[in-house]
Amino acid sequence: YSGNPLACAAAFEAIRMINDPAFLARANEVGDRMRGHLLRIQQQSRLIGDVRGLGSMLLIEFVKDHVSKEPAVAETQAVIAEALKRGLVIIRAGLYSNGVRFLPPLNISDAQLDEGMAVVEQAVQAVEA
């Protein structure tokens with residue numbers, strides 16, 4: 001407790017929202033929809049070695065080779081640059097900086113999520129071309 005009653009009220013409200021079943025349901029809806037997009041992109045890609053995460057917090061890992069799993073660091077940076085050119089800000093993550101992580105706000109619309117995933121797909125295709 002910080003002594004600030006507004007901070008305390010905000011913390012309690014955040015806890016109340018997280019415990020709301022609708023919050024978890026939306027996190028799962030967003031995660032399932034995004035995972036579906038990312039798995040489809042992975043099937044068409046030679047660079048995406050893995051799609052992993054929980055709920056709406058997901059990561060795609062870029063590799064040079066699906067067998068050796070050698071990190072594709074330069075290609076990851078190129079995908080990020082291509083996405084930015086198309087208006088989508090994504091950030092790299094992981095021990096070798098060869099991952100891109102996703103954690104969209106849960107109030108994102110399905111149309112906005114689909115649009116963002118289309119940009120990710122275009123960025124990956126541009127780098128692979």
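This is a predicted model: local features need pLDDT of at least 70, side-chain atom pairs count only at pLDDT 80 or more; totals for chains, interfaces and linings use all residues.
Begin by selecting strand 3 (91-93) and strand 4 (99-102). These two strands run antiparallel and are joined by 3 bridges. In this pairing, isoleucine 91 has arginine 101 of strand 4 as its bridge partner. Strand 3 and strand 4 form a hairpin, with 5 residues between them. Select glycine 94 in the turn: its phi is positive, about 100 degrees.

Next, select leucine 95, which lies in the loop between strand 3 and strand 4. Is leucine 95 buried or exposed? Leucine 95 counts as exposed because its relative accessibility is 77%, and exposed means over 50%.

Now select strand 2 (residues 57-62), which runs antiparallel to strand 4 and is joined to it by 4 bridges. Here leucine 58 stands opposite phenylalanine 102 of strand 4.

**Into the core.** Keep phenylalanine 102 selected and display its surroundings. Among the residues that phenylalanine 102 touches are Met34, Leu38, Leu58, Ile60, Met117 and Val120. Which residues have the most contacts inside the largest nonpolar core? They are Leu38, Ile60, Phe62, Phe102 and Val120, in a core of 25 residues. Elements that give two or more residues to this core include helix 2 (21-43), strand 2, strand 4 and helix 4 (110-128). Finish by selecting helix 4, which supplies the largest share of this core, 7 residues. In soluble globular proteins, nonpolar side chains tend to be buried together.

Notes. Residues are numbered from 1 along each chain as its sequence is written. Side-chain values use heavy atoms; hydrogens and water are left out. Buried means under 20% relative accessible area, exposed over 50%, partly exposed in between (1.4 Å probe, protein chains only). Two strands pair if DSSP finds at least two bridges between them. A nonpolar core is a set of buried Ala, Val, Leu, Ile, Met, Phe, Trp, Tyr and Cys residues joined through side-chain atoms within 4.5 Å. Contact means heavy atoms within 4.5 Å. Lists of a residue's contacts leave out its neighbours within four places in sequence.
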